[in-house]
Structure formats: C-alpha cells, structure tokens
Amino acid sequence: MKRPVPTTMRQFATASALLLALVTSAQKPTAGSSDPKDQRRFEFTIKGVVKDTIYLANYYGNKLLYNDTAIADAKGKVVFANKKGYKPGVYAVVIPGPRYFEFLANEPLVVMSSDTTDLGAKLEIQKSAENQVFMDYVRFINAQRKEADALHKEREATADPIRKAALKERLISYEETIKSYQQDLVAKNPGTLVGMIVKMSISPPEQKVYKADGTLDSAATYYSYRAHFWDNTDLTDERILRTPVFQNKFEEYVGKVVPQVPDTINKCADDLIGRMDKNHNDELWRFAVHNITYKYETSDIMGMDAVFVHMAQTYYCPKPGQKSRATWMSDEKLDKLCERARKTAPLIIGAQAKNIILTDTTEQNWVDMYRIPHEYVLVIFWDPHCGHCKKTLPGIYTAYVDSLRPLDVEVYAVAKATDSTLLADWKEFIIEHKMDWLNTGLTWHVYTDAKQNPSKYIP
C-alpha cells in the first residue's frame, strides 16, 4: 500500500499546502502498471537540490499518494522512469521541506525545470504541450482570482449602493472571462487530460424552470440541476480518478446535491454507479461503490443504515451461484459485511417489524400484531416493576386518548409478566389507570409452559 502525501487541497488551480504528518490511506494503489501505454518518462531539473531524495506522488481522488523516488544529481536533475509505468493523472514532485509542484502525466515524455526559491513561479516547461497549457491555465486563473478577491474586499468595504452594484458587475465579468477561457481551452484540446480536467471544472449552465404563471418552479429547477450535474464529466474515463477535481465533485453530489433521504440516495447512487459501469470499468465502479458504502456505513445520521444495507446487498453480497464483484475484499471481510447487512436489514426505518403474537391478561385471547386493523400501531415494551415505566405510561395513555386514537393509532403494549407477582401487578396497574388499549404480555403460565414444550407455541 502506498503512503499518502498528506495535503490540504484547495480548489483546483490554486496553490496547495503540504502538511508534515503522514497518515494511512485506505485506498488501494492504482498507479504502477505494466501496460505499455503507461510507459512514461519524467525529467526535472530543480535548482537548489543536490543529491537529495526526490519523491513522485500521484492523486487518487483528492488524496496525494507517494508513488516513486529518485536521487537528484549534482546539477539538480532527477528522472522518474519506472518500468511498471505511470497511469495518466495529476502528479506532484515533492522536494525536501517538504514542498511540491504539480504536473500532468499523459504524454510519453515530460521535461520541466524549477528553482527551490519559488517552485511555482519559476516552473518552466521544456517538453510537454499539455503541461504548458495546464501551467498557462493555472496562472491565468490565479491572476483572475487575485483581482476578483481585491474587488470583493472593496465591495464589502463600501456602503455606497451605486459603487456596490458597479463592483458586482465587474465581478460577474471576471467569472464570465474565466468561463470563456475554460470553454476555449476545452474546445482547442479535445481528448487531452488537461481538457478533460478543465471541462470537469465547469459547472453546467443553470436552467431555470418556470410555472405557467411565470413564477420560478424551484423543484423542477433543482431536478434539472441534478440531472445535468455530470454533463461535463466523462464517467467512463478512469483518468478522472487520478484528479482531485473528480472526488471533490463526487462528494459534493453525494453529500449535498442529493437530498439526504435514504430512498433518494439509493436511487441516485444506482444511477451514478450504472453510468460508470457502462464500459465495465471496474476501477471507477469500485471507487463509487466503496466511497458511498463507507460514507453511510459510518454515518451518525439516523436512518442512513438503510443506504449501507442497500449498497451491501446490491453491490457486495453475491446472489446464489454468483461471485461478488467486490474482489478487493477478503472472503472473511466480505462475509462479515454481508452478515451485518443481513442483520441490519429488518431494523432499518421503514422495514416491517417482526410479528408479535401474545395473550392478553386472560392468558386465553391471543392478539396478533399484524392483524390489528388500525392505520398505525405504536408498540410499547414495559415492566410492571420498572419505576420509570410506571411513571411514564399514564402520560402516554393520556396522549393516546386525546391525540393518537382520533388519528387511528392503536397501542400494542407488551408487558413482562413471567411470574405470579409480575402478572398480578400488571393487571392491577392496568385497572388502576384504566388503560384500555391492547394489553399483551409474556405471561406467567405461557412462559412456564413454553419452557417445557416450546414447539407448542410455534405456528
């Protein structure tokens, strides 16, 4: 497993800051391949590094992982030419400090130079058309953002409404200039990695939907936005996995664009994964399946276990006679995950509860919870010797009479009455508080009889 280069990423095309602490990555290494098309050579001359160990790192999603090492010569030249090759994507050259600069790996040969006094500003391209386009783009964006930030601060500082409006128009103009630059770059660089990354960075145009009366239909506008969110991303091109842009968009879509409602998450997850799987691209498929499953398996939000169960049973747990596509998991871990999903499935919000059939206080009349004719059933478990239960239950009964019963809600109250004292106290409490809802329990005689002959009570 590769070690990650610890980093805090800002938005694409802005400066990055390298942290000092190393953390463990859960992602399986993807760079490093014997595929002939991945044979690439990277040559860098960096003024200020002499006989130093230089690291090559690559992105997997928005994590930067160590990939290779080389030693700079006396003139600061360092060459990376691993026989296993390098998959296309965004890479970084990491020098002692640690500091780094990024470049694109898509062409067979990349030759660049820089200076340790200012890695980014003194970066030059000797051979790599894509990296020249990439560097020009980064510098253009940074210059535009710098000017826009100054205008934004000026707008925040002024109280003059006319001046504010004028500054707002100038800010809009900057955004249009950037968008025009991006669209022109994409049009002029079809099929390139730089063109793909920049296109992925462009948000689809907002398509407002209006009602017949001319007012904005916010729901339809949202659905249109969600439907077109991935228009500028090729979800069948595995190169997107090795760019930070993709995972940032992925996390925005799954965690913010899609409403955090299990049924909706499941539907949108299936749609997204299906679009990635059209060309049987297991690497993209795995990324989406793993990240969505892990996000909701570890969620602190109530109800999200329904997403975990759906993902596990749909994508991990094999159907009878079939093998799981989750080939990255050991059989032991896969069995544990599927067993957890199986046990969790009946417990998720909205799942039908297991039926309960118990006697009432006569120990003669059996009450089947599934056959209660009311629209809603509230199930209460309590113990006649539980002080908190006896304090709380009368208040629930009052709410039942005043509010719940008129809404066609019935209460199925299950008591522990497994000995003579519990049975007597249970009946006394019901009579005292006149609780005329469905009173059932695991009663003394049934409990004793069932211990001797349990098969008698199995339907």
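The structure is a predicted model, in which local features need pLDDT of at least 70 and side-chain atom pairs count only at pLDDT 80 or more, while totals for chains, interfaces and linings use all residues. Residues are numbered from 1 along each chain as its sequence is written, and side-chain values use heavy atoms, with hydrogens and water left out. Helices (H or I, at least four residues) and strands (E, at least two) are DSSP runs that are numbered from the N terminus.

Helix packing was examined through axes, which are lines fitted to C-alpha atoms, for helices over the stretch in contact, with angles running from 0 to 180 degrees between N-to-C directions. The axes of helix H7 (residues 282-297) and helix H8 (residues 305-316) come within 8 Å, crossing at roughly 150°. This angle makes H7 roughly antiparallel to H8, given that angles under 35 degrees count as roughly parallel, over 145 as roughly antiparallel, 65 to 115 as roughly perpendicular and the rest as oblique. The crossing of H7 and H8 is left-handed, a term applied if the near helix is turned anticlockwise from the far one by less than a right angle, with right-handed used if the turn is clockwise. H8 also packs with helix H9 (residues 331-344), at an angle of about 130° and with the two axes 9 Å apart. H8 and H9 are therefore oblique to each other, and H8 passes H9 in a left-handed crossing.

Side chains of opposite charge can pair when their charged atoms come close. A search of the whole structure finds 21 salt bridges, each defined as a side-chain nitrogen of Lys or Arg within 4 Å of a carboxyl oxygen of Asp or Glu. In the pair formed by Glu43 and Lys77, the closest N and O atoms are 3.9 Å apart. Glu43 lies in strand E4 (residues 41-47) and Lys77 in strand E7 (residues 77-80), so that the pair ties together parts 34 residues apart in sequence. Glu43 is buried, with a relative accessible area of 15%, whereas Lys77 is partly exposed at 34%; buried here means under 20% relative accessible area, exposed over 50%, and partly exposed in between (1.4 Å probe, protein chains only).

A further salt bridge joins the side chains of Arg242 and Glu283 (3.1 Å, N to O). This pair links distant parts of the chain, 41 residues apart, with Arg242 in the loop between helix H4 (218-227) and helix H5 (244-257) and Glu283 in helix H7. Both Arg242 and Glu283 are buried. Arg242 and Glu283 also belong to a network of salt bridges in which they are linked with Asp38, Arg40, Lys87 and Glu238.

Asp436 and Arg405 form another salt bridge, with the closest N and O atoms 3.5 Å apart. Here too the pair links distant parts of the chain, as Asp436 lies in the loop between H11 and E16 and Arg405 in the loop between H10 and E15, 31 residues apart. Asp436 is partly exposed at 48% relative accessibility, and Arg405 is partly exposed at 36%.

Most residues other than glycine have a negative phi, and most peptide bonds are trans. Asp408, in the loop between helix H10 (387-404) and strand E15 (409-417), has a positive phi near 65° and is partly exposed at 33% relative accessibility. Lys434 likewise has a positive phi, near 50°; this residue lies in the loop between helix H11 (420-433) and strand E16 (438-443) and counts as exposed at 66% relative accessibility. A cis peptide bond, with omega of about -10°, joins Gly97 and Pro98, and Pro98 is placed in the loop between strand E8 (89-95) and strand E9 (99-105).

On the surface, Val377, Val379 and Phe381 form a nonpolar patch with about 250 Å² of accessible area together. Patches are made of residues with over 30% relative accessible area and no salt bridge, like charges being joined within 9 Å and nonpolar side chains (Val, Leu, Ile, Met, Phe, Trp, Tyr) within 5 Å; accessible areas come from the Shrake-Rupley method with a 1.4 Å probe, and for residues only the protein chains shown count as cover. Val377 lies in strand E14 (residues 376-382) and is partly exposed, with a relative accessible area of 34%.
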